[in-house]
Amino acid sequence: MGTYTIGERVHRLPRIAQCRVCRSHLRAQVEAGLVDGVSYRAIVDGLPDGTLSARNVGEHFKRGHLPVEDEVHSRLRKDRSRQAGQLIQRGVERKIDELSLAHAVVERAADRLASGELEPTMREAIAAARLLERYDRVRSERDDLRRGRDDAQRALSGILSLAKPLMAVESWSRLGRQVEEDAVLRAFWPSPT
Ligand SMILES: [Zn+2]
C-alpha cells in the first residue's frame with residue numbers, strides 16, 4: 001500500500017476496492033489534476049489510456065478518496081478545538097479579573113470605612129460581596145480565591161467592629177437595618193458582644 005507525507009505525518013493512501021481510480025496505476029496523475037482544479041473530463045483526456053472515465057474520476061473525488069481530505073479535516077478539527085480552548089480561556093480570565101476587582105473593592109471599602117467615609121463605602125462593599133457570592137463555584141475550585149475572599153470578609157467584619165464605637169448610634173442602626181435585609185451582608189455583621 002502506498003503512502004504520502006504531509007508535514008511530518010506519513011499517511012496511508014486509502015484504497016477503496018470498488019473505486020477504479022483508487023486501483024488505477026494512474027491514480028497519482030488523476031489526483032494531481034483534481035488538486036489543480038482540472039475538470040474530470042480534461043483529466044481523463046490527458047491520460048495515456050482509456051481505462052478511466054470522467055465519472056470514475058468524479059466518484060473518486062466526491063467520495064472523499066483523495067488523501068488530502070484526511071489532512072484537511074484533521075487540521076480543521078484542530079483549529080476548531082484550539083478556538084474553543086481560547087474561548088474558554090478568555091471566559092475564565094474575565095471571571096478571575098472580576099473576582100480580583102471585587103476583592104480590591106472589599107479591601108478598599110474596609111480602608112475607607114476605617115477612615116470615616118462610611119456610607120458610599122458600604123454600598124461598594126455590598127456590590128462586591130454579592131459578586132463574590134455569585135462566583136461560589138469558581139471560588140470553591142480555587143484555593144487562592146477562596147482564601148482571598150475569606151480574608152476580605154474577616155477584614156470587613158473586623159473593621160465594622162472597630163467602626164461601631166466610633167459611629168453615631170443613629171448611623172449604626174441605619175446601617176444595621178440595611179444589612180439585615182441582605183442575607184449575604186448579614187455574614188459580615190459583627191456578632192453582638
Ligand atoms: Zn477512489
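Analyst: Start with burial. Of the protein's 193 residues, 18% count as buried. A residue is buried if 20 or more other C-beta atoms lie within 10 Å of its own, exposed if 12 or fewer, and partly exposed in between; the C-beta atoms are placed from the backbone.

This is a predicted model: local features need pLDDT of at least 70, side-chain atom pairs count only at pLDDT 80 or more, and totals for chains, interfaces and linings use all residues. Residues are numbered from 1 along each chain as its sequence is written.

Next, the layout. The protein has 10 helices and 2 strands. These are DSSP runs, numbered from the N terminus: helices are H or I with at least four residues, strands are E with at least two. The order from the N terminus is β-β-α-α-α-α-α-α-α-α-α-α.

Now the core. The largest nonpolar core has 9 residues: V21, V30, L34, Y40, I43, V44, L52, V57 and L66. Such a core is a set of buried Ala, Val, Leu, Ile, Met, Phe, Trp, Tyr and Cys residues joined through C-beta atoms within 7 Å. Helices α2 (27–35) and α3 (40–45) each supply at least two of its residues. Helix α3 gives the most, with 3.

Look at V21, one of the core residues. Leaving out residues up to four places away in sequence, V21 touches R27, V30, L52, N56, V57, H60 and H65. Contact means that two C-beta atoms, placed from the backbone, lie within 7 Å.

For another view, take helix α9. Of its 12 residues, the number buried is 0, so α9 lies largely in the open.
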